[in-house]
Amino acid sequence: MQIKTDENGNIIQTASVGEIPGGTDIDLSMYKYVDGSLIPDEEKIQARQKAVRTAEIKARLSEIDFESIRPLRAKEAGNPSEEDFAKLSALEAEAVTLREELEALK
């Protein structure tokens, strides 16, 4: 859908996408019609929020894997510092929490 507004922000024209020169495209995929009114579709909104959060968690888990490489390399080489152990412990605790959250989102 596309809209055009006046100088006060009031909608003065609606049309299909691309039909109003200088109009603003709006996404109505998160709305549904009920009794002639357009209202937010809570199920779609929650599904999108879950998908976004799932992607954020997966990205952070990948970052945690990357951040673990150096301290793990030091541990494997036999010369880890206390900082290496602390870093690995903190990263693993965060990863456990994120995995639990990810499982709850399913």
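This briefing describes the strands, the nonpolar core, the salt bridges and a surface patch of the structure shown above.

The structure is a predicted model, in which local features need pLDDT of at least 70 and side-chain atom pairs count only at pLDDT 80 or more, while totals for chains, interfaces and linings use all residues. Residues are numbered from 1 along each chain as its sequence is written, and side-chain values use heavy atoms, with hydrogens and water left out. Helices (H or I, at least four residues) and strands (E, at least two) are DSSP runs, numbered from the N terminus.

**Strands and sheets**

- An open sheet of three strands runs in the order β2-β1-β3 with antiparallel pairing, where two strands pair if DSSP finds at least two bridges between them.
- Because β2 (11–15) and β3 (24–25) each have a single partner strand, they stand at the edges, and one side of each is left without a neighbour in the sheet.
- Strand β1 (residues 2–5) pairs with β2 in the antiparallel sense over four bridges, and T5 has I11 of β2 as its bridge partner.
- Strand β5 (residues 37–40) pairs with β4 in the antiparallel sense, also over four bridges, with V34 standing opposite S37 in β5.
- The hairpin of β4 and β5 has two residues between the strands, and D35 takes a positive phi near 50° there.

**Nonpolar core**

- The largest nonpolar core has eight residues, namely I57, L61, I64, L91, A95, L98, L102 and L105; such a core is a set of buried Ala, Val, Leu, Ile, Met, Phe, Trp, Tyr and Cys residues joined through side-chain atoms within 4.5 Å.
- The elements that give two or more residues to this core are α1 (42–77) and α2 (82–105), and the largest share, five residues, comes from α2.
- Leaving aside neighbours within four places in sequence, L61 is in contact (heavy atoms within 4.5 Å) with A95, L98, R99 and L102.

**Salt bridges**

- The count comes to nine salt bridges, each defined as a side-chain nitrogen of Lys or Arg within 4 Å of a carboxyl oxygen of Asp or Glu.
- The side chains of E101 and R53 meet in a salt bridge at 2.7 Å, N to O, and this pair links distant parts of the chain, with E101 in helix α2 and R53 in helix α1, 48 residues apart.
- Apart from neighbours within four places in sequence, E101 is in contact with R53 and I57, and the C-alpha atoms of E101 and I57, 44 residues apart along the chain, are separated by 8.3 Å.
- E67 and R60 meet through their side chains in a salt bridge at 2.8 Å, N to O; E67 is partly exposed at 27% relative accessibility, whereas R60 is buried at 19%.
- Salt bridges that share partners join R60, E63, E67, K87 and E94 into one network.
- E103 forms a salt bridge with K106, the closest N and O atoms being 3.6 Å apart, and both E103 and K106 are exposed.

**Surface patch**

- Y31, Y33 and L38 make a nonpolar surface patch of about 320 Å², with accessible areas coming from the Shrake-Rupley method with a 1.4 Å probe, and for residues only the protein chains shown counting as cover.
- Patches are made of residues with over 30% relative accessible area and no salt bridge, like charges being joined within 9 Å and nonpolar side chains (Val, Leu, Ile, Met, Phe, Trp, Tyr) within 5 Å.
- Y31 lies in strand β4 (residues 31–34) and counts as partly exposed, at 37% relative accessibility.

Methods:
Buried < 20%, exposed > 50% of the residue type's maximum accessible area, 1.4 Å probe, protein only.
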